[in-house]
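Morning, everyone. I have one model to show you, and I'll keep it brief. Here it is on the screen.

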Amino acid sequence: MKEQNSHTNAKRYGMVIDLDKCTGCGACMVACYSENNVPFKTDETNKLDSINWIRVYKLTNNKPYPDTEICYLPMPCMQCDGIGKHGHSPCVSVCPAVATDYDYDTGIVSQIYTRCFGCRYCMAACPYHARKFNWWDPKWPADTEKYLSPNVSPRMRGVVEKCSFCFHRYQLAREKAYLEKRQKLEEQEYQTACTQACPVGAITFGDLNNKDHAVYKLKNDPRAFRLLERLQTNPKVYYLTSKNWVRRAGDNYLAHEEPGNITKVKEHH
Amino acid sequence: MNETPLIHAGVKRCSKWQFSLWMAGVTAVLLWGVYAMFLCWFKGLNQTNMNDAYGFALWIWADLAVIALGGGAFFSGFLTYIVGKDELKNIINYAVIIGFICYSSALLILAIDIGQPLRGWFIFWHANVHSMLTEVAFCLSCYFAVLTIEFIPLILENPKLERKPFLHHLSHNMHGIMAIFAATGVFLSFFHQGSLGGVAGVLFGRPFAYREHIFIWPFTFFLFTWSAAACGPCFTILVTKITEKITRKKLVKDNVIHLLAKISGWMLLTYIIAKTADTLYWAMVTAPNAGFTLMDFYASPTYNIGLLFAEIVLCGFIPGLILITKRGRENAFLLNTAIVLAVIGVSLNRWVMVLQVMAVPVFSFNDWYTYLPSWQEVATTVLPVAYGLIVISLAHRYLPVFPQEKELNPVK
């Protein structure tokens with residue numbers, strides 16, 4: 001299900017995560033917590049009310065030893081383009097107060113914390129569970145409040161938050177380019193925190209529309225697939241794997257179906 | 001000077017002490033709910049057992065269920081004032097009161113359910129016209145205003161208020177133009193009942209909920225309106241029957257009940273045929289396109305295929321078939337069974353379209369999500385029930401809710 005290349009000026013920032021490289025170290029999660037002032041609980045045992053903008057899942061092929069295989073799958077917000085790639089991602093189209101929006105210049109799905117009133121309809125709509133609710137007010141231990149990033153506003157109780165592809169970094173890069181009287185951003189000028197933190201270089205980030213960016217080529221790699229592609233959410237996060245069972249775990253298939261052999265589903269409703 | 005009594009002449013009511021004792025008991029339950037409500041408002045939604053997988057839970061179900069059950073008001077209003085079924089004037093007051101309780105409860109539950117209650121007005125101010133919830137919020141609020149307008153003339157008929165000429169004439173004139181409000185109510189209800197169906201149906205990321213379009217997207221839009229029109233009147237009949245049992249009086253003549261039951265029956269039967277067609281298309285086309293079989297959605301001990309059977313056959317076809325037959329309607333046991341099943345059926349449908357949507361794992365590597373409500377959620381869900389009992393008790397005692405009561409229960 002490879003998409004058509006777009007030749008418009010609009011950027012479509014996206015990510016390619018090489019699951020063959022990921023070791024599950026969690027550095028991406030730590031970097032994200034630190035970069036985006038993501039609150040945490042004293043006891044993080046219950047993952048169902050933990051806030052994380054990127055979560056590393058542990059997948060197994062469910063085979064006994066010695067055939068057991070493990071795959072670590074980091075999952076940020078998929079920044080979906082939605083059905084027909086019109087920006088009607090599952091969450092954006094349902095938010096009753098336009099507290100989440102699709103930026104047609106970058107393809108990034110934003111979350112406006114001061115606009116969100118906490119109805120959680122977007123969470124119900126997101127099949128990736130990428131959206132997290134602030135069940136509590138954030139509590140920063142000891143002096144850590146002083147070390148919060150000034151570029152990202154901390155969130156209050158009762159609102160939804162999610163991965164923004166470190167949008168503040170995009171804004172800073174744009175400001176720098178503006179001062180230098182440039183229109184174009186270089187690939188390395190805007191990179192997400194998780195991309196830079198990954199010690200094995202499993203995460204690649206860039207403009208999916210730009211032929212000069214690494215992600216442009218990687219998304220067309222024969223190993224590339226997207227999660228729950230059949231739901232027509234059109235995610236902008238791609239995964240690479242050489243293992244068929246991992247690819248199969250990334251979507252739902254009927255018993256007779258094989259990943260890669262599914263005819264393209266319709267794009268318009 | 002003679003004091004005008006609060007209670008209408010010619011009707012029998014329980015003693016003040018009996019009434020006060022009953023009201024004290026119900027108020028105690030209400031206060032329990034109010035306490036839980038304030039806990040949720042002041043401490044936040046961490047008072048609930050909802051989580052990031054179960055963002056919609058008991059409250060949203062309660063919301064959808066009371067709106068469906070309150071549908072008796074708009075559909076009975078439609079039949080009485082627009083279609084001209086005059087017999088139903090003998091039950092329309094009660095249908096309006098039940099609708100008023102259901103809709104005010106729905107608004108209250110929504111106010112508790114949002115994470116930032118003080119920002120609730122954003123839904124109107126920053127409205128996203130593409131969102132089903134926006135349409136729900138607008139139509140729900142407008143229809144609640146309509147129900148209030150429909151309720152006011154009845155309140156003004158209290159003997160003490162009616163004595164004042166202005167209020168007497170106001171009530172009389174409002175009654176005169178009630179058809180306009182009934183028509184407005186029907187129009188608004190069609191949209192918000194439908195939009196509530198759309199809330200789940202448009203979730204194309206949730207294969208269990210997602211429905212494709214027939215004329216309009218998604219088909220659940222029609223199904224929710226249809227089922228509310230079918231089962232709402234059954235709830236009106238059920239509450240009337242319970243009221244008759246508690247007050248130990250016949251309040252509405254059988255021909256009125258049977259007429260409403262007959263119309264409900266046909267609505268229910270046609271609805272359940274449409275629902276069956278929708279389920280078949282979903283199971284055979286929509287879900288397989290997303291890589292799911294029907295049984296994938298019912299592979300949990302809690303959410304098993306029995307639920308689908310219960311919703312469509314037990315609480316759909318069976319009550320529908322009972323209610324369309326004269327014999328079924330005229331047999332008290334069968335009639336009562338049918339209306340109870342219809343009420344359970346529509347509530348079950350709303351439960352499935354909220355809680356099962358959240359429970360079904362979309363990823364093959366995730367398990368089914370489980371959820372048990374906290375006591376705060378239960379208390380705030382019981383709160384509208386207690387509130388409803390208080391409103392009904394006051395209305396029955398002080399207002400001429402049932403026009404046939406005096407005729408059916410002559411005071412010696």
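**Confidence, sheet, helices, interface**

Chain A averages a pLDDT of 92, and 94% of its residues score at least 70. pLDDT is the predictor's confidence in each residue, from 0 to 100. This is a predicted model, so to speak of ground rules: local features need pLDDT of at least 70, side-chain atom pairs count only at pLDDT 80 or more, and totals for chains, interfaces and linings use all residues. Residues are numbered from 1 along each chain as its sequence is written, with chains lettered from A and ligands numbered from 1 in the order in which they are written.

A contact here means C-beta atoms, placed from the backbone, within 7 Å. Residues 265–269 of chain A are also below 50, with 11 contacts beyond near neighbours in sequence. Where pLDDT is low, the predicted coordinates should not be read in detail.

Next, a sheet. In chain A, four strands form an open sheet, order 8-1-10-9, with mixed pairing. Strands are DSSP runs of E, at least two residues; helices are runs of H or I, at least four; both are numbered from the N terminus. Two strands pair if DSSP finds at least two bridges between them. Which strands sit at the edges? Strand 8 (203–207) and strand 9 (224–225) of chain A, each pairing on one side only. Strand 1 (residues 13–18) of chain A runs antiparallel to strand 8 of chain A, joined by five bridges. One residue pair to find: A:Tyr13 has A:Asp207 in strand 8 of chain A as its bridge partner.

Over to chain B. Helix 11 (residues 254–289) of chain B has 36 residues. Its first and last C-alpha are 50 Å apart, close to the 52 Å expected at 1.5 Å a residue, taking 1.5 Å times one less than the number of residues. Helix 11 of chain B bends by about 45 degrees at B:Trp282; that is the angle between axes fitted to the seven residues ending there and the seven starting there. After helix 11 of chain B comes B:Gly291, with a positive phi near 90 degrees.

Last, the interface. The contact takes 44 residues from chain A and 43 residues from chain B. Helix 3 of chain A gives the most to the side of chain A that touches chain B: four residues.

Definitions and conventions. Two residues are in contact if their C-beta atoms, placed from the backbone, lie within 7 Å.
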